[in-house]
Amino acid sequence: IQKHDIFICHRLNYDKVAAKPLFLGLELLNQKCKSQKKIFLDQYCLKLSKDIRKETIHAIKNCSVIILLISEESIKGIENAHTYTKEDNLLLEFEISVYRYLKGEC
């Protein structure tokens, strides 16, 4: 599994309108600065045939920068999943991010 420097955390259904331009802007900045930073955005970095959840957790646990995109709709998605006792990937990503921040890892 590839290691990334920056992880963009977002709810695919609602926040991709902000996540994709952010990713592309960071990639452009990489080129201008001749940087080799690897940026994780699920739609570009995940393969459908792999274990998506495992790969996402690995990426978020091993990056040095985490960008959380939080919208009203993404929070509603967390609330809805909690109401129906379903796991929510975005909530898991938030929890891992906060835990790593509190430990001083990112």
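In the predicted model, R100 is in contact (heavy atoms within 4.5 Å) with I60, K61, N62, C63, I66, E105 and C106, residues up to four places away in sequence not being counted. R100 belongs to helix α5, residues 89–102, where helices are DSSP runs of H or I with at least four residues, strands are runs of E with at least two, and both are numbered from the N terminus. The relative accessible area of R100 is 5%, so the residue is classed as buried (buried, under 20%; exposed, over 50%; partly exposed, in between; 1.4 Å probe, protein chains only). A polar atom of the R100 side chain lies 2.7 Å from the backbone oxygen of I60.

Two of the residues touched by R100 are the cysteines C63 and C106. A search of the whole structure returns 0 disulfides, a disulfide being a pair of cysteine sulfur atoms within 2.5 Å. For C63, the nearest cysteine sulfur is that of C106, 6.1 Å away. C63 is buried, at 3% relative accessible area, whereas C106 is partly exposed, at 31%.

A nonpolar surface patch of about 240 Å² is formed by L68, I70 and I75. Such patches consist of residues with over 30% relative accessible area and no salt bridge, like charges being joined within 9 Å and nonpolar side chains (Val, Leu, Ile, Met, Phe, Trp, Tyr) within 5 Å. L68 lies in strand β3, residues 65–68, and is partly exposed, with a relative accessible area of 35%.

Residues are numbered from 1 along each chain as its sequence is written, and side-chain values use heavy atoms, without hydrogens and water. Local features require pLDDT of at least 70 and side-chain atom pairs pLDDT 80 or more, while totals for chains, interfaces and linings use all residues.

Methods:
Accessible areas come from the Shrake-Rupley method with a 1.4 Å probe; for residues, only the protein chains shown count as cover. A salt bridge is a side-chain nitrogen of Lys or Arg within 4 Å of a carboxyl oxygen of Asp or Glu. A polar contact is a pair of N or O atoms within 3.5 Å; within protein, one must be able to donate a hydrogen and the other to accept it, and residues adjacent in sequence count only if both atoms are side-chain atoms.
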